[in-house]
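Hi everyone, thanks for coming. I'd like to walk you through a structure that may be new to you, so let's bring it up on the screen.

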Amino acid sequence: MATLLPTLWSFVRDTVREGFDSNAFDLEVSRDFDTQDIAQATGRYEQEAKDLLHNKTEIKKLISYIDLTTLAGDDTAGRVIALADRALNPVPTDGSVRCAAVCVYPQRVLDVKNHLKAKGRKLNIAAVAAGFPSGQYHLQSKLMEVSLTVDDGATEIDIVISRAAALDEDWKTVYDEVLALKKACGSAHMKTILATGELKTLSNVYKASWASILAGSDFIKTSTGKESVNATLEVAYVMCSAIKRWYEQTGKKVGFKPAGGIKTPEEALAYVALIREVLGEEWLNPQLFRIGASSLLDNCLKAL
Ligand SMILES: O=C[C@H](O)COP(=O)(O)O
């Protein structure tokens, strides 16, 4: 483990060298959001969700976007193995459907990996890391946690931003940390959790989205599921506006993951309607759209 430290510190050093252009950042993020416009749009998505609710194909697609999650202090090898089996075959009457990934704590990654190996099956293994859920840890321990979790076999890492830096409007620190963590992820995909329920304003949500996208996040994700306010359509609209803007400027597609408190197919389908309108149908696949949820699958099965 001691040999990891010099490598991890080199991430930090390289990150600082890559720099953050504050002027360009401020220029880009100086936009206002009309909350009335957003409320009108989210009302539309909720209505569209009601219309989609009786379409069984849409419900099965929903299941394919789910990062099937357990993030509890009493998670055991047995629980995450059962979760992985469920993710591989979530609809007992239709073997063609599977969830996008399982999402577990770092210490449970190896249990899932060994189980999949023994079964000869493949499944994305996402793990929350980098001081999840609060982010209130030293950067070097966040980097080490990410490295160890990737070494254990996580193919996707869900990191958290520093809300302290975001609330202090220190976007350079937010960017630097995300950039360093992206490097620590290596080939694993990185989803950056903004914890929007703690960011206070929609303007901060947009700025945190932009800093995270600039720093190379593969996905941006709303929430950990542990904040008192988790995913909402309002913040999803703002985050997807940043993803759209980035795509218009660079041609690069960043994914979106609402997570936390999404329990019913109707709630989840409203996010589908939002993605369809703001980003387009091409975003509606598990490479670019995930839903982080621990109890949505049960309710989807009831709707089938
Ligand atoms: O990232 C996923 C969330 O932690 C899941 O939240 P949930 O348990 O409210 O569905």
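Let's start with the overall picture. Of the 304 residues in this protein, 54% are buried. Please keep in mind that we are looking at a predicted model. Its secondary structure amounts to 13 helices and 8 strands. The C-alpha trace spans about 55 × 50 × 35 Å along the principal axes. How does the radius of gyration fit a compact globule? For 304 residues, such a globule would come out near 19 Å, and the protein has 19 Å, so the two agree.

The chain also folds back on itself in its contacts: taking those between residues at least 6 apart in sequence, 79% join residues at least 24 apart.

Now for the aromatic rings. Searching the whole structure turns up 9 aromatic pairs. One of them is Tyr-247 with Trp-283, an edge-to-face pair with 5.4 Å between the centres and 85° between the planes. Where do these two residues sit in the chain? Tyr-247 belongs to helix α11, residues 233–250, while Trp-283 lies in the loop between α12 (265–278) and β8 (291–293), so the pair links parts of the chain 36 residues apart.

Are the two partners buried or exposed? Trp-283 is buried, at 1% relative accessibility, whereas Tyr-247 is partly exposed, at 31%. Trp-283 has another neighbour too: the charged end of Lys-253 sits over its ring, 5.7 Å from the centre.

Finally, have a look at Phe-20, Phe-25, Trp-171 and Tyr-175, which ring pairs link into a cluster.

How values were computed: Residues numbered from 1 in each chain as written. Predicted model: local features only at pLDDT ≥ 70, side-chain atom pairs only at ≥ 80, totals over all residues. Heavy atoms only, no water. Phe/Tyr/Trp six-rings, centres within 6.5 Å; stacked < 30°, edge-to-face > 60°. Helix = DSSP H or I, 4+ residues; strand = E, 2+ residues; numbered from the N terminus. Buried < 20%, exposed > 50% of the residue type's maximum accessible area, 1.4 Å probe, protein only. Lys NZ or Arg CZ within 6 Å of the ring centre and 35° of its normal. Rg over C-alpha atoms; globule rule 2.2 N^0.38 Å. Contact = heavy atoms within 4.5 Å.
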